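The notes follow in the order in which I checked them.

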Amino acid sequence: MTDDCVEHIAGQRMMVGFDGTTLNADLKAVIRDLKVGGIILFSRNIEEPDQVRDLCRSAQAWAAACGLPPLFIAIDQEGGKVARLRPPHFAAFPAGNPGMAGPDDAARFAAVTAAELQRIGVTMNMAPVLDVEPDGFEGIMHTRVFRGDAHVVAAMGSRMIDTFQKAGIMAVAKHFPGIGRTTLDSHLDLPVLDASKALLTATDLVPFAAAVDRGVSGIMMSHIIYRDLDPDWPAGLSEVIVAGLLRSTLGYQGLVMTDDLDMKAIRVPIDTSVHRIVRAQVDLALICHQGPDIEGAFRAFVREIQSSETARAHAARSLERIMALKKAYLSGISV
């Protein structure tokens with residue numbers, strides 16, 4: 001495997017955030033030099049529809065000029081509390097998932113949102129939220145989850161996935177294996193959940209199993225320690241949870257990504273995170289803030305890929321998943 005090939009695989013396994021509202025020098029460098037597979041947009045990158053469309057088009061054109069595949073361009077557009085695109089330029093769904101009365105509401109939200117994302121050049125939505133909140137419990141996800149039991153959440157999420165993906169927008173189900181039972185915020189702390197594997201299987205995993213059946217494009221891991229599954233590592237860095245539970249038990253062979261590695265729940269250096277990602281069979285590392293961890297992760301992926309035949313085989317498989325998804329959804333990208 002040549003150095004160019006190793007660097008290509010390393011970069012494609014990263015999705016990064018950036019500052020600014022245009023294709024500026026920093027974003028150009030990340031695409032050209034680190035060969036990143038995708039970018040994610042936040043409110044800091046968004047002013048109005050024409051500006052976002054120009055940003056997305058110019059980023060895709062720059063990737064092509066650098067000899068790279070089309071970019072995943074992602075956003076968190078759940079509706080409700082978490083919505084990067086807001087009025088007056090974009091549709092409002094102020095009640096979000098908790099305000100949806102049934103699958104038809106979920107499909108309507110996804111159809112409207114998919115049309116808006118397509119118009120501005122965003123190709124991937126970090127939705128639906130498939131976390132299950134127990135009846136009578138009010139946790140950290142209370143304002144973001146569908147109301148109802150695991151089977152209700154599965155039905156709502158499945159309609160959302162189908163609608164997004166039929167409209168050409170990749171859906172990403174989150175946060176595996178479920179954070180509806182937690183009260184601590186992973187942005188600020190490392191939650192630890194004591195729910196048994198049997199309980200998680202009977203409830204929290206049900207919507208994710210449905211998402212796997214629907215062919216969801218991606219699944220985002222949580223930054224939570226599930227003591228009965230893996231007492232040592234949060235889900236996104238856990239070989240037991242990703243390679244074991246998600247890939248082997250649920251049979252998911254699509255794109256798996258971390259949640260933002262900049263969150264306070266991740267208490268290890270970026271090199272360690274990347275090492276764990278590779279071992280766990282996670283495909284895509286999400287780093288949402290501009291800074292040294294982005295280049296650090298790239299260098300760490302390069303070292304990991306070069307470390308052994310097993311690592312190279314896993315890297316090649318991750319690249320296959322990434323490129324298959326890009327071929328399915330991004331082959332018509334015009335620059």
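Which backbone oxygen does the side chain of Arg13 reach? I worked from a predicted model, and in it I found the side chain of Arg13 at 2.6 Å from the backbone oxygen of Val282. I placed Arg13 in the loop between α1 (3–12) and β1 (14–16).

I next looked for a charged partner. Arg13 is buried yet has no salt bridge. The nearest side chain of opposite charge is Asp283, 5.3 Å away, and a salt bridge needs a nitrogen-to-oxygen distance within 4 Å. Leaving aside neighbours within four places in sequence, I listed the contacts of Arg13, among them Val282, Asp283, Phe301 and Ile322.

I then turned to the salt bridges, of which the structure holds 20. Arg144 and Glu78 form one of them, at 2.6 Å from N to O. This pair links distant parts of the chain: Arg144 is in the loop between β6 (124–125) and α5 (150–166), and Glu78 is in strand β4, 66 residues apart. I noted that Arg144 and Glu78 are both buried. They also belong to a network of salt bridges with Asp76, Arg84 and Lys174.

I checked Asp189 and Arg267 as well; their closest N and O atoms are 2.6 Å apart, in a salt bridge. Asp189 is partly exposed at 29% relative accessibility, whereas Arg267 is exposed at 57%.

Last, I looked within helix α10 (residues 292–307), where Glu295 and Arg299 lie four residues apart, about one turn of the helix. Their side chains meet in a salt bridge at 3.6 Å, N to O. I recorded Glu295 as partly exposed at 41% and Arg299 as partly exposed at 36%.

Technical notes:
Residues are numbered from 1 along each chain as its sequence is written. This is a predicted model: local features need pLDDT of at least 70, side-chain atom pairs count only at pLDDT 80 or more; totals for chains, interfaces and linings use all residues. Side-chain values use heavy atoms; hydrogens and water are left out. Helices (H or I, at least four residues) and strands (E, at least two) are DSSP runs, numbered from the N terminus. Buried means under 20% relative accessible area, exposed over 50%, partly exposed in between (1.4 Å probe, protein chains only). Lys and Arg count as positive and Asp and Glu as negative; His and the chain ends are not counted. A polar contact is a pair of N or O atoms within 3.5 Å; within protein, one must be able to donate a hydrogen and the other to accept it, and residues adjacent in sequence count only if both atoms are side-chain atoms. Contact means heavy atoms within 4.5 Å.
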